[in-house]
Amino acid sequence: GIVLVAINPYEQLPIYEQDVIYAYSGQNMGDMDPHIFAVAEEAYKQMARDEKNQSIIVSGESGAGKTVSAKYAMRFFATVGGSASETNIEAKVLASSPIMEAIGNAKTTRNDNSSRFGKYIQIGFDKRYHIIGANMRTYLLEKSRVVFQAEDERNYHIFYQLCASASLPEFKDLGLSKCCYLPA
């Protein structure tokens, strides 16, 4: 398949805006510069032409921009599929992100908010190739982090958030005690 190597610039660049989506829409792979929109366009075209499911695998190290790349691909599908103004599918699919981050993200030596989850996002299209829905499944990648952390790393955020909230009245029934240890 097609491989795209992307680098997270850690700042907003004008290469992901609406006009860039339209520039890549309908183009053949290789006619334009390598881009996440080119990969998304190729998958979209093959889905429509062959009437078969397509997959885009986004992989990389912690902090590489995997979640952001997936969001851009979803924005591309919503825009070219005529769904962007109707449903804002990107926002709906990622609405659970803050909860998932608390439960599944941890501090690593490379990233203060590193996702320890893998995500499988399935986007459904109708016969006109408009987005009609999506489903995001997550799976825990690092179960060992529950009982062990390397030096200068933290466990999952939720443990620290619970300990920081232990004195709140609504958490009284959870049995959290003052023995919660919160490293600096």
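1. Start with the aromatics: ring pairs link Tyr16, Tyr24, Phe37, Tyr44, Tyr72, Phe76, Phe77 and Phe125 into a cluster. Rings of Phe, Tyr and Trp (its six-membered ring) pair if their centres lie within 6.5 Å; planes under 30 degrees apart count as stacked, over 60 as edge-to-face and the rest as tilted. By this rule there are nine aromatic pairs.

2. Before going on, a word on what you are looking at. This is a predicted model, in which local features need pLDDT of at least 70 and side-chain atom pairs count only at pLDDT 80 or more, while totals for chains, interfaces and linings use all residues. Residues are numbered from 1 along each chain as its sequence is written, and side-chain values use heavy atoms, with hydrogens and water left out.

3. Two of the ring pairs deserve a look. The centres of the Phe37 and Phe76 rings are 5.7 Å apart and their planes are at 25°, so this pair is stacked. Phe37 lies in helix α2 and Phe76 in helix α3, so the pair ties together parts that are 39 residues apart in sequence. (Helices, H or I and at least four residues, and strands, E and at least two, are DSSP runs numbered from the N terminus.) Both Phe37 and Phe76 are buried; that means under 20% relative accessible area, with exposed over 50% and partly exposed in between (1.4 Å probe, protein chains only).

4. The rings of Tyr44 and Phe125 are edge-to-face, because their centres are 6.0 Å apart and their planes are at 65°. Tyr44 lies in helix α2 and Phe125 in strand β3 (residues 117-125), so this pair ties together parts 81 residues apart in sequence. Tyr44 is buried, at 12% relative accessible area, whereas Phe125 counts as partly exposed at 21%.

5. Leaving out residues up to four places away in sequence, Ile36 touches Leu4, Tyr16, Ser69, Tyr72 and Ala73; contact here means heavy atoms within 4.5 Å.

6. Which residues of α3 are buried? They are Ser69, Tyr72, Ala73, Met74, Phe76, Phe77, Ala78 and Thr79. Thr79 has a relative accessible area of 9%, and its side chain reaches the backbone oxygen of Arg75 at 2.8 Å. As for length, the 15 residues of α3 should span 21 Å at 1.5 Å a residue, and the end C-alpha atoms are 21 Å apart, which agrees. (The expected span is 1.5 Å times one less than the number of residues.) Just after α3, Gly82 takes a positive phi of about 70°.

7. Last, two spots further along the chain. Arg154 lies over the face of Tyr160, 3.8 Å from the ring centre; the rule asks for NZ of Lys or CZ of Arg within 6 Å of the ring centre and within 35 degrees of the ring normal. Leu176 is found in the segment after α7 (157-164) and is partly exposed, at 28% relative accessible area. Leu176 and Ala166 are ten residues apart in sequence and 5.6 Å apart in space, C-alpha to C-alpha. Not counting residues up to four places away in sequence, Leu176 touches Leu162 and Ala166.

Technical notes: Polar contact = N/O pair within 3.5 Å; in protein donor to acceptor, adjacent residues only side chain to side chain.
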